[in-house]
Amino acid sequence: MIRLRSFLGGQWCDGEGEGQTLVDPATEEAVATTSTKGLDFAGALTYAREVGGPALRAMSYAERGKLLKAMTDVLQAAREPLIDASVLNAGTTRSDAKFDVDGAIGTLAYYARLGEQLGDRHFALEGEGEQLTRSKRFWGHHLTTPRLGVAVHVNAFNFPAWGLAEKAAVAILAGVPVVTKPATSTALTAYRLVETLVDAEVLPDGVLQLVCGGAGDLLDHLGPQDCLAFTGSGDTGAWMRALQPVTARSVRVNVEADSLNAVVLGPDVEPGSDTWQVFVRDAVREITQKTGQKCTATRRIFVPADRIDAVIEALSEGLGQIALGHPGRDDVRMGPVASAQQHRDVKEGLEALIAAGARVVYRAEAAPVGVPEGRGYFVPPTLLRVDAPHDVALVHEREVFGPISTVMPYGDVTEAAALVARGEGGLVCSLYSDDRDALRTLILGVAPWSGRVLVGSEKVADQGISPGLVLPSCVHGGPGRAGGGEELGGARGLSFYQQRTAVQGDRALLDRVLS
Ligand code: NAP
């Protein structure tokens, strides 16, 4: 049994008592314990502000980019043990574990390159500025500088490596030190990741600290220059947003929460066409990858009413190819969900959808392979059908965080866009069509409700970019139910960690001071 510790104030610290137990979700055997009881979180935040922050702010963007490059190289060398940790503690197949670990490394590498491009500067000006009065001398600039606080990152259980790295990469490049807290149930991968970085001594003191276990009073000590970036359930996000220290001190908050991601198959797409094939390939992947535990996984599939039977047949055939079982086996394509709690939540969510009017039209019957009978938190891939999507509100409201999706008919594309909107805000909506008019109606109809729109069509059918893939160059987040947040998006992501200040005065003087 492994004992996990937190890395705070420049040292590894163990909490009091046995704490919480982390398990292998395929066998339900305990793999680690961790406790944060009694740890000094106020001291950790102060350490970040007083030690990590000044070290980062003394560096230019290019120098911070070099730190990210060093992190990338160290993690690349430790890729295999990180994948092993994910298979053991998160129930992910090796392929799903790579999605998390390689996503972490790739995002760090992207922001390392961005740092190089931003160059030898310590602050940024937005554009050329503009004249403010009749005098050509009186000028206004918008200046961005790193905030002087700490970035507290609270992450969900489903991406222990990528969730940590995608947030940390942006904060560090912006010049703000990080205290990161992975979800406890799958914290082993995040723990190994931070341990690897600490052992390699690639970061200055105080730049990256780890809370491994419960958050305790961590959030009570947030101050006016701090940032809180949260990924997890909408309920926890809403609770954090309303915390007294957060509201009273105007702590910056970003929330990435629930999302009933939708897919629309265009009315022009013939069964068997290239666009049809890519729709089926993506839908099967998005239902089953990481056992449906991706914030970007497909939950609702809207198809032309006269194609619904053909779609269900094609998806059922695809889902039938997915072998369920121990994630360490090469012949297994889908592992268990990550914890007993997730298992309960998914079963309850499925029962609720059925009670609300959804019908099961496909459910894999085969028992999971490679695990003792009756053990492990397994959920078979399941396809539901709802014929009257306007009447079943729950299918647009309840995110069942597992390998479950619902197929529903629509009449025309205006109706399809309105049905997507019933989810009240999502991370990604994918549209499959080659019809320009249909796509225009759909894109403009769903965009206000979506953080990202992916258009699958014949000419890009071979690109292999499916809706669940979050690229660091594009924004991630979504309105409404999805939390109203925004992360990544290249240089856009830095603004969350920086203060924008309007600076007004003599143009020539400002040009010299701010050059
Ligand atoms: P969760 O229960 O809300 O937990 C998320 C994180 O919040 C964990 O680190 C958890 O720590 C922490 N937390 C919970 N209560 C807290 C408290 N009182 N004080 C401080 N921290 C607290 O969510 P989850 O079950 O891990 O994640 C599943 C949900 O996340 C899904 O609904 C999914 O849609 C959403 N998600 C969204 C995105 C996105 O990018 N939008 C990505 C992934 C997941 P402990 O583990 O220690 O309790």
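A backbone N or O atom of G232 lies 3.2 Å from an oxygen atom of the ligand, a polar contact being a pair of N or O atoms within 3.5 Å. The model is predicted, so local features need pLDDT of at least 70 and side-chain atom pairs pLDDT 80 or more, while totals for chains, interfaces and linings use all residues. Residues are numbered from 1 along each chain as its sequence is written, and side-chain values use heavy atoms, without hydrogens and water.

| Residue | Protein atom | Distance |
|---|---|---|
| N155 | backbone N or O | 2.7 Å |
| G232 | backbone N or O | 3.2 Å |
| D258 | polar side-chain atom | 2.9 Å |

On its own the ligand has 910 Å² of accessible area, of which the protein covers 79% (Shrake-Rupley method, 1.4 Å probe).

The shell around the ligand has 26 residues, and N155, T184, S233, T236 and H476 come nearest (a residue is near if one of its heavy atoms lies within 4 Å). By type, the shell divides into 13 nonpolar, nine polar and four charged residues, with Gly counted as polar and Asp, Glu, Lys and Arg as charged.

Strand 12 (227-231) and helix 7 (234-241) are the elements that give two or more residues to this shell; helix 7 provides the largest share, three residues. Helices are DSSP runs (H or I) of at least four residues and strands (E) of at least two.

Because domain 1 (40-257 + 485-513) and domain 2 (262-472) both contribute residues to the shell, the ligand lies between them. The domain bounds come from an automatic or database domain assignment.

Terms used
A polar contact is a pair of N or O atoms within 3.5 Å; within protein, one must be able to donate a hydrogen and the other to accept it, and residues adjacent in sequence count only if both atoms are side-chain atoms.
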